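Trainee: I have a new structure to read. Please walk me through its rings and its core.

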Amino acid sequence: MNAKSNPQSVLHDLAQIQRLERGTLSVIRQGPAGPYYNHQCYEEGRNVSRYVPLQQVGEIQEAIDGYHRFQKLAQQYAQIMVEKTRAERETAFKKKTQRQNSSWPKTRKSSS
C-alpha cells in the first residue's frame, strides 16, 4: 500500500478540494494587453470552448488543478480499497482452509 494507506485520510483530502473544472486552459493568441485564453472541455458529448478573461485565468487553472488532484486521490482511494478487499478475502480463505485441516479424527458412518 502507499504511504497514505488510510482511506479516511484520502477521503479527508478529497473533501478539502473546493473547486473543480474539467478541461484545459490554453493561450489562443497574444494581444497588446497580453495573452488571450481559451478553456476547452468535453460536455454532453461535445467539445465546448469558452473565452476566459485574464482576471479569471488563475481561478480556472486552480479549478482544473483541483480536478486533476481529485482524480489522483480517487484512484488512490480505489487502490487502497481494492488492496483491503483482497487482503480480507485472502484472510478469510486462509481461515477456511485451516479449519478443513483439523486434527480431529474423522468418524466413519456405519454401513449397516
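Mentor: Start with Tyr51, which is exposed (over 50% relative accessible area, 1.4 Å probe, protein chains only; buried is under 20%, partly exposed in between). Its relative accessible area is 51%. This is a predicted model: local features need pLDDT of at least 70, side-chain atom pairs pLDDT 80 or more, while totals for chains, interfaces and linings use all residues. Residues are numbered from 1 along each chain as its sequence is written, and side-chain values use heavy atoms, without hydrogens and water.

Trainee: How many aromatic pairs are there?

Mentor: Rings of Phe, Tyr and Trp (its six-membered ring) pair if their centres lie within 6.5 Å; planes under 30 degrees apart are stacked, over 60 edge-to-face, the rest tilted. The count here is one. Tyr36 and Tyr51 make a tilted pair, 6.3 Å centre to centre with 40° between the planes. Tyr36 sits in strand β2 (residues 34-43) and Tyr51 in strand β3 (residues 46-52). Strands are DSSP runs of E, at least two residues; helices are H or I, at least four; both are numbered from the N terminus.

Trainee: Is Tyr36 buried, partly exposed or exposed?

Mentor: Tyr36 is partly exposed, at 25%.

Trainee: Which residues make up the largest nonpolar core?

Mentor: Nonpolar side chains tend to be buried together in soluble globular proteins. A nonpolar core joins buried Ala, Val, Leu, Ile, Met, Phe, Trp, Tyr and Cys residues through side-chain atoms within 4.5 Å. The largest here has six: Leu25, Tyr37, Val52, Val57, Ile60 and Ile64. Helix α2 (residues 57-100) gives the largest share, three residues.
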